[in-house]
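Dear colleague,

I am handing over the structure we spoke about, and my notes follow it. Please keep it open while you read them.

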Amino acid sequence: MQLTSIRNATLILNYGDVRLLVDPYFADAGTLPAIWNTPRGQLRNPLVPLPLPVSELTAVDAVIITHLHPDHYDEAASKAIPKDMPLYVQSIADAAAVRKHGFQRVHVLGEEPTRIGEVTMVKTGGQHGTGSIGRLMGSVCGVVLSHPEEPVLYIAGDTIWCAEVEQAIQAHRPEIIVVNGGEAQFRCGRPITMGMEDIWRVHEAAPEADIVVVHMEALNHCLLTRTELSEAVRKGELESKIQIPADGQRMLWAKSPVTP
């Protein structure tokens, strides 16, 4: 298995016999407005450029879109991805929205396994925040991937620590867990993506799993930095279990994890 953290939640996965693009966010740096009602509202998004050319990011077998917020699927991505590319989304409503952009092969993930080649995918739940803000953020999903010759991979998506995440860990026993960190938040309410406490809870629930933290330092409302999280991980002596890749960093796993 090979995972490349691109930017924000965007990933490239070489997993089993397929190459997958997850949550494509292709806008050029600074071309989108700041997310509203946030402490750093003067900063335009994305805060950083893509580390790889778009042509390389679209050279895949299929695309997974966990939800349609514009930092997970944007206009630039909808234009760049070939219209005959298989897309996998969380709901019938999301499928209808994506089909309006001209995509012809759109599939809805479910709790029953979906197969691409020898790769099996199962949708998981999540909570994109709490209270009224969580309801405003709408539904989100994660996905668990498995393959006879690969470690079980759980991509949690835009969620905080919650019962749905705990249930996914218990049900699927993932060996690698990708979480969206950054502790994204508005001026009111609690964070809508994972912060340190959430990441710690994931580790406690799956102490043998490798945790990969992405969704950091690309949006104006993501306040937890890689430096802050790295220092906390170092103090907790968890460097071997919690990894925080840079944009463009490639990570490899076989029977035992290896990070070049």
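A residue is called buried here if its relative accessible area is under 20%, exposed if over 50%, and partly exposed in between, with a 1.4 Å probe and protein chains only. The model is predicted, so to speak of local features a pLDDT of at least 70 is needed and side-chain atom pairs count only at pLDDT 80 or more, whereas totals for chains, interfaces and linings use all residues. Residues are numbered from 1 along each chain as its sequence is written, and side-chain values use heavy atoms, with hydrogens and water left out.

Cysteines: a search of the whole structure, taking a disulfide as a pair of cysteine sulfur atoms within 2.5 Å, finds 0 disulfides. For C162 the nearest cysteine sulfur is that of C141, 12 Å away, and C162 counts as buried at 6% relative accessibility. C222 is likewise in no disulfide, with the sulfur of C188 as its nearest, 16 Å away, and C222 is buried at a relative accessible area of 3%.

Aromatic rings: the structure holds 1 aromatic pair, where rings of Phe, Tyr and Trp (its six-membered ring) pair if their centres lie within 6.5 Å, and planes under 30 degrees apart count as stacked, over 60 as edge-to-face and the rest as tilted. The pair is W36 with F186, stacked at 5.1 Å centre to centre and 25 degrees between the planes. Because W36 lies in the loop between β3 (18–22) and α1 (54–57), and F186 in the loop between β11 (176–180) and α6 (196–205), the pair ties together parts that are 150 residues apart in sequence. W36 is exposed at 53% relative accessibility, whereas F186 is buried at 6%.

Pockets: on a 1 Å grid over the protein atoms alone, a pocket is an open set of points with protein on both sides within 12 Å along at least five of seven lines, and lining residues have an atom within 4 Å of a point. A volume is the space filled by probe spheres set on the points, which are joined across faces, edges and corners. The largest pocket has a volume of about 330 Å³, and of the 20 residues that line it, I35, H69, P70, D71 and H221 are the closest to its centre. The second largest pocket, of about 210 Å³, has a lining that includes W161, E183, R190 and D198.

With best wishes

Note on methods:
1 Å grid on protein atoms, 1.4 Å probe; cavity = no way out; pocket = protein on both sides within 12 Å on 5 of 7 lines; lining within 4 Å. Helix = DSSP H or I, 4+ residues; strand = E, 2+ residues; numbered from the N terminus.
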